[in-house]
Amino acid sequence: MMRTFDAIIIGAGQAGPSLAGRLTAAGKKVALIERKLVGGTCVNTGCMPTKAMVASAYAAHLARRGADYGVVTGKVSIDFARVMARKDKVRFDARKGNEDWLAGMQGLTFVRGHARFESPTEIRVGEELLSAGQIFLNVGGRAVVPDFPGIRDVPYLDNVSMMELGEVPKHLIVVGGSYIGLEFAQMFRRFGSDVTVIEKGPRLIAREDEDISAAVRDILEREGIAIRTGAECIRFFKTGDSVGAGVDCTAGTPEILGSHILLATGRRPNTDDLGLDKAGVAADKRGYITVDERLETSAHGIFAMGDCNGRGAFTHTAYNDFEIVAANLLDNEPRKVSDRIQTYALYIDPPLGRAGMSETEARKTGRKLLIGTRPMTRVGRAKEKGETLGFMKVIADAETKEILGASILGTGGDEAVQSILDVMYASKPYTAITHAVHIHPTVSELIPTVFGDMRPVE
């Protein structure tokens, strides 16, 4: 038996349910298929639970610094069971909210199971066959497990299993010095773990400029996190009750023993078991589905949104994918992916807020550049809060006055960078900010000053 719909959505992550809402509101008959948890990575194992844990870690860190503010706190201890219970309430409430929304959506059929293509218009879920003229993929991604020597011989954690820990690791070895790994590293250091970060490359978060990378390393090392970069030949072994990592760095101990290993070495799309070949949907060598500016795949009528299309790896880009698809299909509004300005944050404390190009990327354009910087030690709000680590950096085109990018590593950086992003989307020159009046005392009030102090790049 085959059931026919106007549209089939595979995956109930950030983009899928929102698109289902728009399509059903337009009178479409829609099937939404999910094989595991409604809400996807963000709700269940990503943004929401991890940031809830980051908040608990921040509270512990601030309590330990009570004397700096004239507050007597006494010895600070961690009730890890309550930390995890708080995290679970945040994610379970969000998941239930999504499930209740879908359950009450008129015109939607929710199907549990693993979806696979039978043809460009047919999807099999177990014994059931569904068909539709339009199919939308929102299947997300998962952690990469590199084929390190010995990795199958030791227990290891990923971003999902970290959410289920029952105790604080005595010594957490984090493999991967990028966004996910660094957030967990600082978080668990504040919970009381010894932490070592192992990075194969010469520096942390290689996507960022060298000055940002160095400042982030300094922030983490100040808290007692050991960092080993240049680990060219990572390997693993078990010895007694401990797990070990061989790093073969040019300096330092060649082997590190710990209680737990977290693999944070990247992610891969959940596209290898969809039967894409049966639908004529092309993917690159890493498994990311190839899409055009409207997010349509190589097969007419099939679209890919979110992590699986390789055009963004964040909740906000997945949601924007939904908006682009809905605008083109339902609103006769020709929106496209290339209209999107790169923006994201690294949620260590203090956070890094990013918008547009890095300095490295801007230099590669060949434009004449202006760059301005300001340490957080010269930001009044940061001094008042006693959180002065980090700095601001802004980049503009010297001839057109176009803002090209910004990095704010410091307290409130993830929020403050939004004001720069909004001016970029408005296609206004940086003078729109230098002439603005911001609230005092805030971090954002210094952004006009940073733009006003820009100097030409040599």
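How are α1 and α8 oriented to each other? Before I answer, two sentences on where the values come from. This is a predicted model, in which local features need pLDDT of at least 70 and side-chain atom pairs count only at pLDDT 80 or more, while totals for chains, interfaces and linings use all residues. Residues are numbered from 1 along each chain as its sequence is written, and side-chain values use heavy atoms, with hydrogens and water left out.

Now the helices. Helices are DSSP runs of H or I with at least four residues, strands are runs of E with at least two, and both are numbered from the N terminus. Two packed helices are described by the angle between their axes and the distance between the axes. The axes are lines fitted to C-alpha atoms, for helices over the stretch in contact, and the angles run from 0 to 180 degrees between N-to-C directions.

Helix α1, residues 16-25, packs against helix α8, residues 315-330, at an angle of about 20°, and their axes are 9 Å apart. The answer is therefore that α1 and α8 are roughly parallel to each other. On the cut-offs, angles under 35 degrees count as roughly parallel, over 145 as roughly antiparallel, 65 to 115 as roughly perpendicular, and the rest as oblique. α1 passes α8 in a right-handed crossing. A crossing is right-handed if the near helix is turned clockwise from the far one by less than a right angle, and left-handed if anticlockwise.

On the α1 side, the contact is made by Ser-18, Leu-19, Arg-22 and Leu-23, and on the α8 side by Tyr-319, Phe-322, Val-325, Ala-326 and Leu-330. Contact here means heavy atoms within 4.5 Å. By class, the contact of α1 with α8 has 7 nonpolar, 1 polar and 1 charged residues. For those classes, Ala, Val, Leu, Ile, Met, Phe, Trp, Tyr, Cys and Pro count as nonpolar, Asp, Glu, Lys and Arg as charged, and the others, Gly among them, as polar.

The next pair is α3 and α5. Helix α5 covers residues 179-191, and α3 packs on α5 at about 45° with the axes 9 Å apart. α3 and α5 are therefore oblique to each other, and their crossing is left-handed. Residues making the contact include Thr-50, Met-53 and Val-54 of α3, and Phe-184 and Met-187 of α5. The contact of α3 with α5 divides into 9 nonpolar, 3 polar and 4 charged residues.

Thr-50 sits in α3, which spans residues 47-64. Is Thr-50 buried or exposed? Thr-50 is buried, at a relative accessible area of 7%. Buried means under 20% relative accessible area, exposed over 50%, and partly exposed in between, with a 1.4 Å probe and protein chains only. Leaving out residues up to four places away in sequence, Thr-50 touches Thr-45, Met-163, Phe-184 and Met-187.

On to the cores. A nonpolar core is a set of buried Ala, Val, Leu, Ile, Met, Phe, Trp, Tyr and Cys residues joined through side-chain atoms within 4.5 Å. The largest has 47 residues, and those with the most contacts inside it include Ile-10, Leu-19 and Ile-123. A second, separate core of 37 residues includes Val-83, Val-174, Ile-212 and Leu-262.

Two more residues have their surroundings listed. Ile-261 is in strand β14, residues 260-263, and is buried at 1% relative accessible area. Beyond four places in sequence, the contacts of Ile-261 include Val-154, Tyr-156, Ile-173 and Phe-236. Phe-451 lies in helix α13 and is buried, with a relative accessible area of 1%. Not counting residues up to four places away, Phe-451 touches Val-394, Ile-403, Ile-420, Tyr-430, Ile-433 and Thr-434.

Last, the backbone. Most residues other than glycine have a negative phi, and most peptide bonds are trans. The bond from Asp-349 to Pro-350 is cis, with omega near 0°, and Pro-350 lies in the loop between β17 and β18. His-440 and Pro-441 are also joined by a cis peptide bond. Leu-295 has a positive phi, near 75°, and is buried at 0% relative accessibility. Ser-427 has a positive phi of about 55°, but Ser-427 is exposed, at 64%.
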